[in-house]
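Have the structure open as you read.

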Amino acid sequence: MKLAFPFLTLGSAFGALMVFAAPGVANTMPQADPAGQSAEAQLHDLAQLLQFAEAEGEDDDEGAGDDDEDNAPCLKAGGDDDDEGEGEGGCVVIPKMNNGAPVAPPDNGLFESGSTPQVKVD
Amino acid sequence: MKKLLATLALTTALTMPGFAMAKPVTFTTQLNSYGGNNAFLAFYVTDASGAYKGSLWMAGGRTRYYRHLSDWDQATGGDVSQVDGITGASVGQGQQLSITLDLKDALFDAGYQLHIDAAVEDMRDSPSEIVVPLTATGAGQDVAGKRYIATFRYDM
């Protein structure tokens with residue numbers, strides 16, 4: 001018992017030292033504000049950062065090639081793999097693909113109205 | 001009763017020609033083992049004077065390659081909307097593409113010709129690799145291609 005007590009004390013002290021020396025914990029410790037910045041000002045800065053992050057997120061959604069682009073009448077050259085290296089600038093129209101889903105053919109006088117092309121590759 | 005029969009006969013007479021106008025046609029294209037990437041194929045029709053009538057199918061969705069389907073490109077001016085809704089995936093070497101379309105009867109035995117342009121990345125273009133008249137007697141007969149297409153046939 002006499003031997004166990006010093007080991008326990010030493011272990012506890014070492015553990016406490018490790019916890020408080022860890023960078024994450026150290027950063028959470030209250031620190032002196034060298035610039036004298038008030039808590040209110042810090043909150044204001046944080047709010048600005050959050051607003052910026054939100055705005056960036058919106059931009060990503062618009063330009064990421066999701067639903068908005070699929071519905072667009074045309075895409076900028078280089079906007080996706082189909083057009084990379086096109087180098088002609090302007091707008092490139094992507095044909096409506098028929099990948100098994102029922103898609104109406106164009107009204108060019110060759111197809112029976114209401115028909116649906118069927119395709120198979122073996 | 002007579003009135004009912006007469007009405008039935010009249011409606012049948014009016015609707016039957018409409019059904020007869022539709023003709024399901026299957027185009028079967030067997031590709032060679034040419035040792036390259038997937039082939040782009042443009043199926044289109046010209047009339048008796050050789051004028052472009054319309055497109056039937058485009059195998060390959062990357063529009064940057066369409067200019068290599070040179071006869072189709074020249075006939076359409078590269079108008080991608082011509083293949084809206086009738087565009088599918090490109091076809092690999094050795095693969096067989098089967099397309100079934102409901103085509104109008106008027107296309108057959110009236111001087112129309114089916115053209116197939118073929119193109120493969122980094123390989124020579126093959127415009128009008130297949131040119132066949134659309135006729136009832138031509139159905140079911142194999143036609144040999146020149147470069148990328150081994151055989152082509154249409155059945156109806």
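Predicted model: local features only at pLDDT ≥ 70, side-chain atom pairs only at ≥ 80, totals over all residues.

Residues are numbered from 1 along each chain as its sequence is written, chains are lettered from A and ligands numbered from 1 in the order in which they are written, and side-chain values use heavy atoms, with hydrogens and water left out.

## Chain B at a glance

Chain B has two helices and nine strands. Here helices (H or I, at least four residues) and strands (E, at least two) are DSSP runs, numbered from the N terminus. If you read along the sequence, the pattern is α-β-β-β-α-β-β-β-β-β-β.

Chain B has 156 residues, and 40% of them count as buried. Buried means under 20% relative accessible area, exposed means over 50%, and partly exposed lies in between (1.4 Å probe, protein chains only). What about contacts, meaning heavy atoms within 4.5 Å? Among those in chain B between residues at least 6 apart in sequence, 63% join residues at least 24 apart.

## The five-stranded sheet

Now look for the open sheet of chain B: five strands in the order β4-β3-β2-β6-β7, with mixed pairing. Its edge strands are β4 and β7 of chain B, each pairing on one side only. Strands of a sheet pair through backbone hydrogen bonds, either parallel or antiparallel. For a pair to count, DSSP must find at least two bridges between the strands.

Here are the pairings across the sheet:

| Strands | Direction | Bridges |
|---|---|---|
| β3(B) and β4(B) | parallel | two bridges |
| β2(B) and β3(B) | antiparallel | six bridges |
| β2(B) and β6(B) | antiparallel | eight bridges |
| β6(B) and β7(B) | antiparallel | five bridges |

In β4(B), B:T87 is the bridge partner of B:M58, and B:G88 is the bridge partner of B:A59. B:Y44 sits opposite B:S55 in β3(B).

Two of these pairs are hairpins. β2(B) and β3(B) make one with five residues between them, and B:G50 in its turn has a positive phi of about 90 degrees.

How covered is strand β6 (residues 113-120) of chain B? Mostly: seven of its eight residues are buried. β3(B) is mostly covered as well, with six of its eight residues buried.

## Zooming in on B:T46

B:T46 belongs to strand β2 (residues 39-46) of chain B. Is B:T46 buried or exposed? B:T46 counts as buried because its relative accessible area is 5%.

Who are its neighbours? Leaving out residues up to four places away in sequence, B:T46 touches B:A51, B:Y52, B:K53, B:G111, B:Y112, B:Q113 and B:H115. Of these, B:Q113 in β6(B) stands opposite B:T46, and B:Q113 also has a bridge partner in β7(B), namely B:P133. With B:H115, the side chain of B:T46 makes a side-chain polar contact at 2.9 Å. A polar contact is a pair of N or O atoms within 3.5 Å; within protein, one must be able to donate a hydrogen and the other to accept it, and residues adjacent in sequence count only if both atoms are side-chain atoms.

## Where chain B meets chain A

Finally, the interface: 36 residues of chain B are in contact with 31 residues of chain A. The area buried between the two chains is about 2700 Å², and carbon and sulfur atoms give 54% of that. Buried area is the accessible area (1.4 Å probe) that two parts lose on being put together, summed over both. In chain B, B:R64, B:G85 and B:K104 lose the most area to chain A, together 19% of what that side buries.

Between chain B and chain A there are six residue pairs in polar contact (both at pLDDT 80 or more). On the side of chain B that touches chain A, β5(B) gives the most, with nine residues.

One place to look is A:V121, which stands opposite B:L97 in β5(B).

Key: Contact = heavy atoms within 4.5 Å.
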